[in-house]
Amino acid sequence: MSDSWKLTLPCTRAEAEDLHDDVPALGLLDPAPTLVTRELEDFNDDAWELDAYFDGKPDAAAVAVIQSLIPTATQAKLRLERLPDADWLTVSQAGITPVHAGRFYVHTASNRGDVPGGAVAFRIEASRAFGTGNHETTYGCLAMLDRLKARGMRADHVADIGTGTGLLAFAARHLWPRAYVTASDIDPESIDVTVDNAAANGVPLGQHQGKVALCVAAGTDHEMIARRAPYDLVIANILAGPLIALAPALARVTREGGTLLLAGLLNTQADAVTAAYREQGFRLAERRDTGDWPVLRFVKRARHGWRRPLRIRDRQGRPPDGFGAW
């Protein structure tokens, strides 16, 4: 019999979005709870809610850690309840709605519903702290990839840096089924999740054409990523700080005339990220915002004549203050 508990707190949209990034405070809890946020009222940024799912009844210290994540709820009345004997992960996903972005339809096992006609469905579970594709940055990337294909873009070599669940790499492989697709992440658990998701969605893995090759890497620092470069299309849906630090490295693996999609940054961080990539010879070709989360599409300019080679002094780089970290 399971012993699963749910702690519920009110929160704001801004507080909910902050929880999409790494949450160091959760490292104090073992095992860490799964966090799910949802909007209670349309267009009301103050009417959101956080559910924290625990394996076992949380003690006062664990409750205090979760409360510390929501500054506006320090005096709010919380709800703590024991869940029925059921799959707590399925319960936690009950409030997650499918995502329909372009031709793609992303769902979990518990919320598949009716797949729209002509849509390409991917099942991505909310497991081991990785998202389902529900976040605005993933939605924006899927929609941007769909538009690029509709405009006739060709991509023979694709890289998804910071792949997370593998979703964007899977989508790129569907759009360009004869491409060599490379997907990497700094977190080995992310690659394990991607392997599971590939099996669930019938996505072939491997280093041959039409398959997705996986590796654990900090940024582009891996022999396989370098060997398979340059790439026609590079996708990086991570955080603003790593994106800025990775600008020279991503420039190095993108072919001249190639496309770079960047996401995971807030609209207040877009100018700093754009400046970093302009310095590396990219031009901003398109920007699409979903809420506070933009997707930036860059094109790498062709270089003419002599230019001093760019070097990365620190392979991983150091993100500027306020822009997140690895």
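Leu 9 sits opposite Leu 50 of strand β3. That pair belongs to a predicted model, so keep that in mind as you look around.
- Strands β2, β3, β1 and β4 make an open sheet, in the order β2-β3-β1-β4, with antiparallel pairing.
- The edges belong to β2 (34–39) and β4 (79–82); each has a single partner strand, so one side of each has no neighbour in the sheet.
- On average, neighbouring strands here are turned by 20° against each other, ignoring direction.
- Inside this sheet, β1 (residues 4–11) and β3 (residues 48–55) are joined by eight bridges in the antiparallel sense.

**The seven-stranded sheet**
- Another open sheet has seven strands in the order β10-β9-β8-β11-β12-β14-β13, and its pairing is mixed.
- At its edges you'll find β10 (212–216) and β13 (282–290), each pairing on one side only.
- From one strand to the next, the twist averages 15°.
- β9 and β10 run parallel and are joined by five bridges.
- Across from Ser 184 is Cys 215, in β10.
- Helix α10 (residues 270–278) lies across β12, β13 and β14 (293–300), and runs at about 10° to β14.

**The nonpolar cores**
- The largest nonpolar core counts 35 residues, and Phe 122, Leu 142, Leu 145, Val 158, Trp 176 and Leu 233 have the most contacts inside it.
- Elements giving two or more residues to this core include β7 (120–123), α4 (136–150), β11 (231–237) and β12 (254–263).
- The top contributor is α5, with seven residues.
- Apart from this core lies another one of 29 residues, with Ala 159, Leu 246, Leu 250 and Ala 276 among them.

**Helix α5 and Trp 176**
- Helix α5 is mostly covered, with seven of its nine residues buried.
- The buried ones are Leu 167, Leu 168, Ala 169, Phe 170, Ala 171, Ala 172 and Leu 175.
- Leaving out residues up to four places away in sequence, Trp 176 touches Leu 145, Leu 148, Lys 149, Met 153, Arg 154, Ala 155 and Leu 233.

**The cysteines**
- There are zero disulfides in the structure.
- Cys 141 is buried, at a relative accessible area of 1%.
- Cys 215 is buried too, with a relative accessible area of 5%.

Terms used. Residues are numbered from 1 along each chain as its sequence is written. This is a predicted model: local features need pLDDT of at least 70, side-chain atom pairs count only at pLDDT 80 or more; totals for chains, interfaces and linings use all residues. Side-chain values use heavy atoms; hydrogens and water are left out. A nonpolar core is a set of buried Ala, Val, Leu, Ile, Met, Phe, Trp, Tyr and Cys residues joined through side-chain atoms within 4.5 Å. Buried means under 20% relative accessible area, exposed over 50%, partly exposed in between (1.4 Å probe, protein chains only). Helices (H or I, at least four residues) and strands (E, at least two) are DSSP runs, numbered from the N terminus. Contact means heavy atoms within 4.5 Å. A disulfide is a pair of cysteine sulfur atoms within 2.5 Å. Two strands pair if DSSP finds at least two bridges between them. Axes are lines fitted to C-alpha atoms, for helices over the stretch in contact, and angles run from 0 to 180 degrees between N-to-C directions.
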